[in-house]
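This report describes selected elements of a single chain, taking helix packing and strand pairing in turn. Please consult the sequence and the structure shown here while reading.

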Amino acid sequence: MPQSISRRHLLSGLAATGLGVLFGAGLRRRAFAQDGGLNVVATTGQVADAARNIGGGLITVTAIMGAGIDPHSYTPSEGDLERLFDADVILYSGLELEGRFTEVFDSLRSEKQVVGVAETIPAELRIASPHYPDQADPHVWFDPAIWDYAIAATSVALREADPDNAATYDANAAAYRAEVTSFATTAEATLATVPPERRVLVTAHDAFNYFGRRFGFEVIGIQGISTETEAGVNDLQNVAQLISDRRIPAIFVESSVSPATIDAVQAAVRDRGFDVVIGGQLYSDALGDEGTPDGTYLGMFTTNVNTIAVSLGGSAIGAAPATTPAATPIV
Ligand SMILES: [Zn+2]
């Protein structure tokens, strides 16, 4: 789908049916205290999960994008616009991840808190997009030490919107940040079981650059940083040659990206006489189903670490992760 047309469609759609109607209906915002807590709307599952862990039973969190949804290409529906309009706080990841929400967020900033939690990450910690050097790679959740800034920013947004409960948000945030830090140590030890020459992660799109930097993996994303670019034939052939030359045992599909590119690479590697396997499905830009272990940030990350480690010749994390189910309040 040509990007210029879809962008034009979004803008005209917003003006005709979305924000125009909602604003025309007048201010319908509710006082959050009347119906049991701050109404928080988040774009991605990663952001929603941080808010749930920090807000516990004090807030209601809705994630716009569920399992398998690609945030680069997701266009907000009219229902999404209504949810955003009714929210007390809007949390998004940012750094251009949710490119088709920009106009909506800009329209609502004067009404309420609209916070791009990953945009608080200091510039020196960001990785430049390999394709757009003036932009940062938005896939920051795959370095837990960097995602920590986003968790902290989520906490700040909640305490500013609901100062009466600031102490609870602070305590929950401290506990959750400690849990994420501890997980990073476990992940590092697990991924270190992969033989060094096999620490190469081949995926469809470039979602794992922060992961690679943090855990010492070479990362090859065939389609580039956004799913809205397609892999060229030369890209496929170059990657296939590299996999064959280096005898990389496994490559990975992603839950939110079509497997076609990775399937084509596998076929091209086999044409060269080497049999690379599909090592499994990684979560890249979306969590798993809500209410399942993979529907949380730490559960998703645990599954990815185990999938990568085992497929490339290492061993999995021994025990089940100590994560908080998404639906269970902490307080
Ligand atoms: Zn992505």
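Two residues are taken to be in contact if their C-beta atoms, placed from the backbone, lie within 7 Å. The model discussed below is predicted.

Helix α3, which spans residues 45–55, is mostly covered, with eleven of its eleven residues buried. Those buried residues are G45, Q46, V47, A48, D49, A50, A51, R52, N53, I54 and G55. The elements that cover them include the strands β1 (38–42), β2 (59–63) and β3 (89–92), together with the helices α6 (144–161), α7 (166–191) and α11 (297–311). Just after α3, the backbone at G56 adopts a positive phi of about 50 degrees.

## Packing of α6 against α7

The axes of α6 and α7 come within 10 Å and cross at roughly 170 degrees; because angles over 145 degrees count as roughly antiparallel, the two helices are therefore described as roughly antiparallel to each other. On the α6 side the contact is made by P144, A145, W147, D148, I151, A152, S155, L158 and R159, while α7 contributes A166, Y169, D170, A173, Y176, R177, V180, T181, F183 and A184. Sorted by class, this contact of α6 with α7 has 13 nonpolar, two polar and four charged residues.

Together with helix α8 (residues 209–215), β5 and β6 make a right-handed β-α-β unit.

Definitions and conventions:
Residues are numbered from 1 along each chain as its sequence is written. This is a predicted model: local features need pLDDT of at least 70, side-chain atom pairs count only at pLDDT 80 or more; totals for chains, interfaces and linings use all residues. A crossover is right-handed if, with the strands pointing away from the viewer, the path from the first strand over the helix to the second runs clockwise. Helices (H or I, at least four residues) and strands (E, at least two) are DSSP runs, numbered from the N terminus. A residue is buried if 20 or more other C-beta atoms lie within 10 Å of its own, exposed if 12 or fewer, and partly exposed in between; C-beta atoms are placed from the backbone. Axes are lines fitted to C-alpha atoms, for helices over the stretch in contact, and angles run from 0 to 180 degrees between N-to-C directions. Angles under 35 degrees count as roughly parallel, over 145 as roughly antiparallel, 65 to 115 as roughly perpendicular and the rest as oblique. Ala, Val, Leu, Ile, Met, Phe, Trp, Tyr, Cys and Pro count as nonpolar, Asp, Glu, Lys and Arg as charged, and the others, Gly among them, as polar.
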